[in-house]
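Pick out the residues as you go along.

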Amino acid sequence: MSPRETVFALASGAGRAAVAVLRVSGPGTASALAALAGGVPPPRLATLRALRHGGAVLDRALVLWFPGPRSFTGEDSAE
């Protein structure tokens, strides 16, 4: 993986569950949040957002923004 890539992955346990945690990390994280959650929430504050694609609401989710370098990965990340 190149240090300039933005990646996403399931961060919660494998198997069926009612709730899942997805993690995004890399330089495109803020853009992904803006497109999916309507903007970037304040750092380290869980914020309830409607997740959208093409204007349609997909789901509601708690969104967290961790700007680098003060994040688990050292780069911009979100959950």
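Let's start with Arg44, which sits in the loop between helix 1 and strand 3 (47-53). This is a predicted model, and in it Arg44 has a positive phi of about 60 degrees although it is not a glycine. The side of the story that concerns solvent is in between: Arg44 counts as partly exposed because its relative accessibility is 36%.

**Loops and backbone geometry**

- Pro69 belongs to the loop between strand 5 (65-66) and strand 6 (77-78).

- Thr29 is part of helix 1, which covers residues 29-37.
- Is Thr29 buried or exposed? Its relative accessibility is 1%, so Thr29 counts as buried.
- A polar atom of the Thr29 side chain lies 3.3 Å from the backbone oxygen of Asp76.
- Apart from neighbours within four places in sequence, Thr29 is in contact with Thr6, Val24, Trp65, Asp76, Ser77 and Ala78.
- Leaving out its own neighbours within four places in sequence, Leu33 is in contact with Gly38, Gly39, Val40, Pro41, Val63, Trp65 and Ala78.

**The nonpolar core**

- In soluble globular proteins, nonpolar side chains tend to be buried together.
- Which residues make up the largest nonpolar core here? There are six residues in all: Leu33, Ala37, Leu51, Val63, Trp65 and Ala78.
- Among these core members, Val63, Trp65 and Ala78 are also in the contact list of Leu33.
- Trp65 and Ala78 are in contact with Thr29 as well.

**The largest pocket**

- Rolling a probe the size of a water molecule over the atoms shows where empty space is left.
- The largest pocket holds about 620 Å³ of space.
- It is lined by 21 residues, and the closest to its centre are Leu22, Leu36, Leu51, Ala61 and Glu79.
- Strand 1 (7-10), strand 2 (22-25), helix 1 and strand 4 (56-63) are the elements that give two or more residues to this lining.
- Which element gives the largest share of the lining? That is strand 4, with six residues.
- Sorted by class, the lining has 17 nonpolar residues, three charged ones and one polar one.

- Ser25 is found in strand 2, and its relative accessible area of 6% is why Ser25 is buried.
- The side chains of Ser25 and Thr73 are joined by a polar contact of 3.0 Å.
- Not counting residues up to four places away in sequence, Ser25 touches Glu5, Thr6, Val7, Thr73, Glu75, Asp76 and Ser77.
- Arg23 is also in strand 2, but Arg23 is partly exposed because its relative accessible area is 31%.
- What joins the side chains of Arg23 and Glu79? A polar contact of 2.6 Å does.
- Beyond its neighbours within four places in sequence, Arg23 is in contact with Val7, Phe8, Ala9, Ala11, Ala78 and Glu79.
- The C-alpha atoms of Arg23 and Leu45 are separated by 15 Å, and these residues are 22 apart along the chain.

**Glu5, before strand 1**

- Glu5 lies in the segment before strand 1, and with a relative accessible area of 37% Glu5 is partly exposed.
- Glu5 and Gly26 are 21 residues apart along the chain, with 5.9 Å between their C-alpha atoms.
- Setting aside residues up to four places away in sequence, Glu5 touches Ser25, Gly26 and Pro27.

**Arg60 in strand 4**

- Arg60 has its place in strand 4.
- Arg60 counts as exposed because its relative accessibility, 60%, is over the 50% cut-off.
- The C-alpha atoms of Arg60 and Ala50 are separated by 4.4 Å, although the two residues are ten apart along the chain.
- Leaving aside neighbours within four places in sequence, Arg60 is in contact with Leu48, Arg49 and Ala50.

Terms used. Residues are numbered from 1 along each chain as its sequence is written. This is a predicted model: local features need pLDDT of at least 70, side-chain atom pairs count only at pLDDT 80 or more; totals for chains, interfaces and linings use all residues. Side-chain values use heavy atoms; hydrogens and water are left out. Helices (H or I, at least four residues) and strands (E, at least two) are DSSP runs, numbered from the N terminus. Buried means under 20% relative accessible area, exposed over 50%, partly exposed in between (1.4 Å probe, protein chains only). A polar contact is a pair of N or O atoms within 3.5 Å; within protein, one must be able to donate a hydrogen and the other to accept it, and residues adjacent in sequence count only if both atoms are side-chain atoms. Contact means heavy atoms within 4.5 Å. A nonpolar core is a set of buried Ala, Val, Leu, Ile, Met, Phe, Trp, Tyr and Cys residues joined through side-chain atoms within 4.5 Å. On a 1 Å grid over the protein atoms alone, a cavity is a set of points where a 1.4 Å probe fits but cannot get out, and a pocket is an open set with protein on both sides within 12 Å along at least five of seven lines; lining residues have an atom within 4 Å of a point. Grid points are joined across faces, edges and corners, and a volume is the space filled by probe spheres set on the points. Ala, Val, Leu, Ile, Met, Phe, Trp, Tyr, Cys and Pro count as nonpolar, Asp, Glu, Lys and Arg as charged, and the others, Gly among them, as polar.
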